Amino acid sequence: MRSNPLPRPVIIGLYGLPECGKSFLLDRLQTELGDLGFKFYEGSRVIDQVCPGGLNTFRGLGESGKTQWRRKVIRSIQQECRNYGKAGVVAGHLMFWKEEEDVGQNIWAQSDSDVYTHILYLNTAADRIAENIARDTERCRSSSSVAHLRNWLQTERTELKKICQDAGILLAVLPEHLATVDKTKTFLQDFRVHNDKLNAERAKADLEQIIQPVRKKIETALVVDADKTLAAQDTSREYPLPALFGGSWAYSYAAFRQAMLMYEEPASDDEFDKLCNDATSKIQIHVELLCLLKLLKKQHNICALVITRGQRKVWQSALRQIGLEDTVKVIGGGRMVDGYVVMPAIKAKVVTILLHWISICCEEQIMPMFVTGDEPSRSKSMDAQLRDAIDANEFQPFQALLPPSTSPRLDITCLPLIDITSPSFVEKITRRNRRRDPIEILHRTETAAAKLLMTPMRDKSISGPLLREAHRKAGQYLAMGPLADLIGLETHNIQHVQGSFTTGHRLLREKEMLVIALMRGGEPMALRVSEVFPLAMFLHAKVPGDVTRQHLSGRLTVLLVDSVVHNGGTALKFIQRVRSLHATIQIVLVAGVVNERPVTEGSDFLEGTSHYHRVALVSLRLSKNHYIGHLGGRTRGIGCSTRWIDLGIIDQGCSLEKGGGGSKIVNVNLQGS
């Protein structure tokens, strides 16, 4: 039986203009790496050794004879590396070009295309090469102008890119900050071992590292693509990559590895970080998906993953800016340090592994979904493939329209619609987790500021415009304090009073907030909150039915503003109305005074809000005065864990007692109304 032939060896060309530093770099690499997986060759030295008469005889041959010897040399190098099971590093030339000649002499041959797997091109600056030529007295090279060398460099880079793409050779162009011994060693060691199989293994290992701490808890996995899905933007357009994914390369491992090498070219690590930050600043995650991901923040049995073929760092930074870096993990490559690249096969493998892990714990359920974006930005080539897959009964996906005003892809019979903000959708993905997040209550009862602000609101002698102004001031204080802390801030550029540009702050995604004044008592506070957050939408509402789905569309947060919450009945009806229309939007009830009864364990208000995620209450003061509103007194409750966050100075007499139904306030020494 014939043994299997040895695999094609990795042969790496070290190319660049004469006197760019190839020989020096090759010698240093050989000294540091030795025989640890590599063999090193100086092309001209090998010719001198194998050609009868040496290099002088070779130079006297015609072009046909030179080409034959070059072919023999590169083939012999390939065979020797195959025999030893090592990667070869070969210093060579693409062309020779005397300044008096109109065009250079390209010496690349088909045998080079057949043998080389990678090319490292030293992109040494033309003026540096000119200096090196002038200092080299041993080789007596003819001097060349910087302009000629610069033209030569440009021509070689252009020619090599075409050659390598046609031949399937991976090309890395190394500017001077990358053409160091240490950096080049990193490239060589990566090239020697990296292949399609290792790429898949590293992606799986990254997934396992992310999942392992919570693997036994996971019952649902939400896997989201990044570019043109999580956000409308395609971050790859920040880099010259789209031309790679065509022709014979398509969306192959080689194409994505070449993209990775292109990401290494243009900048140092610091400059690359700046490029990533610039790309991140342009990302606007779809508000509907952002609401959903924020809802999952405390759902410990749900794993949320973003898979991207683009830059991992860009999407990690985008998630960090909105406080989701610990909730949503990123599977992605982009640079050599990441260890792998993500192409369609890797995305499919990640989903397959997740399905296997989840099926061990519980009944498997798959709900494939496409995000259909604005028509000008969506991929047209996918329509036919998608229809063919559906017609072949391979699967039945749904489509989510983001933004909701987008026209559907294909037709809704073939590709049904799904609303990711609907209660039914949220119930599907959280169906096994019946635990709800406790309502988050923030108040500043015992702070000096709250006492000063509440005094005119409680003073019987103050009424009319002065009373309204007191409520407005309370609204401003709550907006700039606990509300800003709860929702978070984002930065943006502003022009400084001295003329230069500097960084300013505003509420996180302020344009996507809705301020609702619960009429009539909530209007003064709501108006001042709206003035603090001028980009937010404003709405008057007398009854819950005044809030419509259209008002909530495209919103990330809704503020329900009232002056006083007595038993919480009215507020609860508004919360229920909002939740019936939008299951994931953040709801914040903002009030000047909240009676302690509706926020005591077992109250109708806490029982009602316990059915919902992402509900918070922000108040200036909690009151012990009991006022019976139009809904009457309290009724029996089922108990609900309430998380108290006192942003001021909590009275020492306030304590929490653990009970069967959660936590309850048993002794609250707060000032009465």
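A residue counts as buried when its relative accessible area is under 20%. Thr229 has a relative accessible area of 16%, so Thr229 is buried. The model in which this value was computed is a predicted one. Thr229 sits in the loop that runs between β8 (220-225) and α10 (253-264). Leaving out residues up to four places away in sequence, Thr229 touches Val224, His286, Leu289 and Val371.

Now the whole chain. It holds 22 helices and 23 strands. Of its 673 residues, 50% count as buried. Take the contacts between residues at least 6 apart in sequence: 75% of them join residues at least 24 apart.

Start with helix α1, residues 22-33. At 1.5 Å a residue, its 12 residues should span 16 Å. The end C-alpha atoms are 16 Å apart, which agrees. Which residues of α1 are buried? They are Lys22, Ser23, Leu25, Leu26, Leu29 and Leu33. Viewed down the axis of α1, these buried residues fall within an arc of 160 degrees, so they line one face of the helix. The face turned away from that buried side carries Phe24 and Thr31, which are exposed. Several elements cover the buried residues of α1. They include the strands β1 (11-15), β2 (38-42), β3 (87-92) and β6 (118-122), along with helix α8 (181-193). Just after α1 comes Gly34, with a positive phi of about 55 degrees.

Helix α8 also holds Asp190. Is Asp190 buried or exposed? Its relative accessible area is 9%, so Asp190 is buried. Apart from neighbours within four places in sequence, Asp190 is in contact with Arg202, Arg257 and Met336.

Helix α6 covers residues 126-135. Its buried residues are Ala126, Ile129, Ala130, Asn132 and Ile133. Seen down the axis of α6, they fall within an arc of 160 degrees, so they line one face of the helix. Ala134 and Arg135 are exposed on the other side of α6. The buried residues of α6 pack against α7 (146-167).

Next, a helix pair. Two packed helices are described by the angle between their axes and the distance between the axes. Helix α11 (residues 269-281) packs on helix α13 (residues 312-321) at an angle of about 55 degrees, and the axes are 9 Å apart. That angle makes α11 oblique to α13. The crossing of the two is right-handed. From α11, the contact is made by Asp273, Cys276, Asn277, Ala279 and Thr280. From α13, Lys313, Val314, Ser317, Ala318 and Gln321 take part.

Last, the backbone. Most residues other than glycine have a negative phi, and most peptide bonds are trans. Where does the chain depart from this? The peptide bond from Leu402 to Pro403 is cis, with omega near 0 degrees. Pro403 lies in the loop between β12 (398-401) and α16 (423-429). Leu410 is placed in the loop between β12 and α16. Leu410 is not a glycine, yet its phi is positive, at about 55 degrees. With a relative accessible area of 24%, Leu410 is partly exposed.

A cis peptide bond also joins Met519 and Arg520, with omega about 0 degrees. Arg520 lies in the loop between β16 (513-518) and α19 (523-532). Arg614 has a positive phi of about 55 degrees and is not a glycine. Its loop runs between α22 (604-609) and β20 (615-623). Arg614 has 13% relative accessibility, so Arg614 counts as buried.

Notes: Residues are numbered from 1 along each chain as its sequence is written. This is a predicted model: local features need pLDDT of at least 70, side-chain atom pairs count only at pLDDT 80 or more; totals for chains, interfaces and linings use all residues. Side-chain values use heavy atoms; hydrogens and water are left out. Helices (H or I, at least four residues) and strands (E, at least two) are DSSP runs, numbered from the N terminus. The expected span of a helix is 1.5 Å times one less than its number of residues. Buried means under 20% relative accessible area, exposed over 50%, partly exposed in between (1.4 Å probe, protein chains only). The arc is that of the directions from the helix axis to the C-beta atoms. Contact means heavy atoms within 4.5 Å. Axes are lines fitted to C-alpha atoms, for helices over the stretch in contact, and angles run from 0 to 180 degrees between N-to-C directions. Angles under 35 degrees count as roughly parallel, over 145 as roughly antiparallel, 65 to 115 as roughly perpendicular and the rest as oblique. A crossing is left-handed if the near helix is turned anticlockwise from the far one by less than a right angle, and right-handed if clockwise.
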